[in-house]
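User: I would like to learn how to read salt bridges and cavities in a model of a protein. Could you take me through them one feature at a time?

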Amino acid sequence: MESPSILKFTIPLSCFFTLLLCAATLNPVFASKVCNFPAIFNFGDSNSDTGGLSASLIRATPPYGETYFRRPAGRFSDGRLTIDFMAMGVGLPYLSAYLDSLGANFTHGANFATASSTIRLPSRIIPAGGFSPFYLDIQYSQFEQFKERSQIIRRQGIYAHLMPKKDYFPKALYTFDIGQNDLGEGFFGNMTVEEVNASIPDILDKFSLNVKNIYKLGARSFWIHNTGPIGCLPYILDTFPSAQRDSYGCAKPYNDVAQSFNHKLKEAIVQLRIDLPSAAITYVDVYSVKYSLYREPHKYGFELPLVACCGYGGKYNYSSSVGCGETVTVNGSQIFVGSCERPSVRVNWDGIHYTEAANKFVFAQISTGAFSDPPVPLKMACHQV
């Protein structure tokens, strides 16, 4: 079982970056200089959805997007997501959602993530259930079609400027943040913690198969996030009030399953490196970074990490019956479920998702390579060409 890392370094900064450079140099698969990613292709769930679900099935409404975009922008947060900061970090514009037909620009990549997505085919699909029909197999199929059709469009000349060039695909960064909803489906489907834990190998077999298929289409640089501390999220804490709490108030059994998932994901990536010898695959420990926000929130300028900023009712300001942006009737009056006063110091946005401030913090930590295996920064996590 992995234990959360501590955000403290005893190595002098100059030596630290030297180690990063050495790590990249010793592994010939990785670049020994700053990469020039011309595009990003992202696969995932709501942690990285920039508008897919909102454009296709369930629209994000105010106050979503209020902090940065000043309006709903397809993201299930008050502002930007970690993937937005990652795009900025490598000098690219925000990714358009593949499913968004209005104003999309795919010149520098596409985002196939949709909120509520799983790795495996979910048992209940929107609108008959709580999960997206665009699970990872479908996201792969969408990418496969996008790769082919985008080049047909370029050859035709119409809208060619909105499509990536052919040589962008092997040089692009392929990012993944998915798996949390597979665990959640089990938890909310009356499976025991032990049963959810037992399902992880099959979930990761499906994940590895998709990575291999994307590799076959020419992808070489992979940046893969593990899953976060699901047991610290208000929707888990509110639903399972009797679960054992750790010293920071998180539901320990649910975090234990997340850590088990992450341990097995890391093992799967070791095998993928053997199976795909030409790939540069970076495993990114976002769990440890996110958990630090619950362990030492004040150290990083945050408060009330277990309480939703946009929500209504209860210890965690969260209710499964009324969500952020909806209205609730109290004593005959309609109350709009809106944002807290200072989202900039809050960790959790709506009981499930993180605030822009928390997402920015996560990016600042993971982009250095300090939480990556191998320990290469984002700008050096590319295949050596």
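User: Which residue forms a salt bridge with R120, and how far apart are the closest N and O atoms?

Analyst: A salt bridge is read here from a distance, with a side-chain nitrogen of Lys or Arg lying within 4 Å of a carboxyl oxygen of Asp or Glu. In this model, which is predicted, the partner of R120 is D202, and their closest N and O atoms are 2.7 Å apart. The pair links distant parts of the chain, since D202 belongs to helix 7 (residues 193–216), whereas R120 sits in the loop between strand 2 (109–111) and helix 4 (136–156), 82 residues apart.

User: Are D202 and R120 buried, partly exposed or exposed?

Analyst: Relative accessible area decides this, with buried meaning under 20% and exposed over 50%. D202 counts as partly exposed because its relative accessibility is 30%, and R120, at 26%, is also partly exposed.

User: How many salt bridges are found in the whole structure?

Analyst: The search finds ten. Among them is the pair of E296 and R295, whose closest N and O atoms are 3.8 Å apart. Here the two partners fall into separate classes of accessibility, as E296 is partly exposed with a relative accessible area of 25%, while R295, at 15%, counts as buried.

User: Turning to cavities, how many of 30 Å³ or more are there, and what lines the largest cavity?

Analyst: A cavity is a space where a 1.4 Å probe fits but cannot get out. The count comes to five cavities of 30 Å³ or more, and the largest cavity holds about 60 Å³ of space. Its lining consists of N42, N47, S48, T82, I83, M86, T175, F176, D177 and H225.

Definitions and conventions:
Residues are numbered from 1 along each chain as its sequence is written. This is a predicted model: local features need pLDDT of at least 70, side-chain atom pairs count only at pLDDT 80 or more; totals for chains, interfaces and linings use all residues. Side-chain values use heavy atoms; hydrogens and water are left out. On a 1 Å grid over the protein atoms alone, a cavity is a set of points where a 1.4 Å probe fits but cannot get out, and a pocket is an open set with protein on both sides within 12 Å along at least five of seven lines; lining residues have an atom within 4 Å of a point. Grid points are joined across faces, edges and corners, and a volume is the space filled by probe spheres set on the points. Helices (H or I, at least four residues) and strands (E, at least two) are DSSP runs, numbered from the N terminus. Buried means under 20% relative accessible area, exposed over 50%, partly exposed in between (1.4 Å probe, protein chains only).
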